[in-house]
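Hi,

Here is the structure I promised to pass on. Have a look at it first, then read my notes below.

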Amino acid sequence: MGNDNSVTDVVIFSAEIGIIVSGQANLLSGIHCYNKATGFGGTGIYLKLPGLTQTRIVDSYLDYTGIVAEDPVQLTISNTFFLGDAFVKLKSINGVVNGVNIVDNMFSGSNKGIDIIQLDQNNGPFKTIEQVVVDRNNVKGMNLKGTIGSGVVEGNGTSWTLDFNPILIFPNLIKHVQYTFFPSGNMFVNHALRNVSNNKVLVESNVQVPARVFVSVDQGK
């Protein structure tokens, strides 16, 4: 419950919640949460300090049990292995998520369609979303989610649409877009980004043309 906690090289077995932290400036390293599985109502690590998390979780092993963070502000989760459909849940209290890095982790599941990052917005939606990076994670048997996405669409027409909802974490939020318009043949056409609402990117041209459109989006900038 106090500040400046360091928990290192610990195995937690047979507990409904492995670690619960309500103070700031914490380092959790080398933790193996082998407690009650998420599927049975358990939580591996619960960060209960909305608005001032200031916690680093690194080099750990979430064994069938995940992480819950309330209104995370300054949170890092990296180089951690999530087994058995374990995931990270961001829980809205006052709708704030700021300074969050969830990068370079491994997730392994059982092909049940479970997202590696989930939102709990029962108390209200996240409204303040700044400096959030969820990227460079790898998955097997789970749905990859992040704040950065890319894709390509090909067709012969005047409009091209890419739907990033299956990839992006936050609904209806694209802060930055880059696209490349690659028409076939020797045609030079006018083209423009027309819409990014509902996490769908629309690019249009002034004439019909066969083309490929490459798009990259970012929710965290």
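Is Arg 194 buried or exposed? Arg 194 has a relative accessible area of 56%, so it is exposed (buried is under 20% relative accessible area, exposed over 50%, partly exposed in between, with a 1.4 Å probe and protein chains only).

Before you go on: this is a predicted model, where local features need pLDDT of at least 70 and side-chain atom pairs count only at pLDDT 80 or more, while totals for chains, interfaces and linings use all residues. Residues are numbered from 1 along each chain as its sequence is written, and side-chain values use heavy atoms, leaving out hydrogens and water.

Now the salt bridges (a side-chain nitrogen of Lys or Arg within 4 Å of a carboxyl oxygen of Asp or Glu). There are 4 of them in the structure. In one, Arg 194 meets Glu 204 at 3.2 Å, N to O. Glu 204 is partly exposed, at 30%.

Another pairs Glu 70 with Lys 48, 3.3 Å from N to O. They sit 22 residues apart, Glu 70 in strand S7 and Lys 48 in the loop between strands S4 and S5. Glu 70 is buried, with 5% relative accessibility, whereas Lys 48 is partly exposed at 39%.

Glu 130 and Lys 175 form one too, with their closest N and O atoms 3.4 Å apart.

Enjoy exploring!

Notes. Helices (H or I, at least four residues) and strands (E, at least two) are DSSP runs, numbered from the N terminus.
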